[in-house]
Amino acid sequence: MERVYKQMKRAGGTSIALGVILIVSGITLGVLNIVVGGKLLKSRKEILF
C-alpha cells in the first residue's frame with residue numbers, strides 16, 4: 001500500500017511541475033506574439049506591393 005502512495009506522490013509532483021512549465025511557456029509565447037504583432041503593425045507603412 002505504501003508503494004502506491006509513493007507512486008501517487010511522484011505522479012502528483014510531476015503533474016504540478018509540468019503544469020507550471022506549460023503555464024510559463026504559454027505566457028512567454030503570448031508576450032512574444034504580442035511584441036511581434038506590434039512590430040508588424042508598426043512597420044506596415046513601409047511595405048510596398
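Let me start with Glu 2. Its relative accessibility is 56%, so Glu 2 counts as exposed. Here buried means under 20% relative accessible area, exposed means over 50%, and partly exposed is in between, with a 1.4 Å probe and protein chains only.

A word on the source. This is a predicted model, where local features need pLDDT of at least 70, side-chain atom pairs count only at pLDDT 80 or more, and totals for chains, interfaces and linings use all residues. Residues are numbered from 1 along each chain as its sequence is written, and side-chain values use heavy atoms, with hydrogens and water left out.

Back to Glu 2. What does its side chain meet in a salt bridge? The partner is Lys 6, at 3.8 Å from N to O. The term salt bridge stands for a side-chain nitrogen of Lys or Arg within 4 Å of a carboxyl oxygen of Asp or Glu. A search of the whole structure finds 1 such bridge. Lys 6 is partly exposed, at 47% relative accessible area. Both residues sit in helix 1, 4 residues apart, which is about one turn of the helix.

Now that helix. How many helices and strands does the protein chain have? The count is 1 helix and 0 strands. Both are DSSP runs, numbered from the N terminus: helices are H or I with at least four residues, strands are E with at least two. Helix 1 covers residues 2-42. The C-alpha trace of the chain spans about 70 × 15 × 5 Å along its principal axes.

Two distances next. Leu 29 is in helix 1. Its C-alpha atom is 22 Å from that of Thr 14, 15 residues apart along the chain. Ile 34 is in helix 1 too.

Buried or exposed? Take Leu 29 and Ile 34. Leu 29 is exposed at 58%, and Ile 34 is exposed at 65%. For the chain as a whole, 0% of the 49 residues count as buried.

Last, the surface. The chain has about 5,000 Å² of accessible surface, and 71% of that belongs to carbon and sulfur atoms. Such areas come from the Shrake-Rupley method with a 1.4 Å probe; for residues, only the protein chains shown count as cover.

Which residues make the nonpolar surface patch of about 480 Å²? They are Met 1, Val 4, Tyr 5 and Met 8. Patch residues have over 30% relative accessible area and no salt bridge; like charges are joined within 9 Å, nonpolar side chains (Val, Leu, Ile, Met, Phe, Trp, Tyr) within 5 Å. Met 8 lies in helix 1 and is exposed, at 51%.
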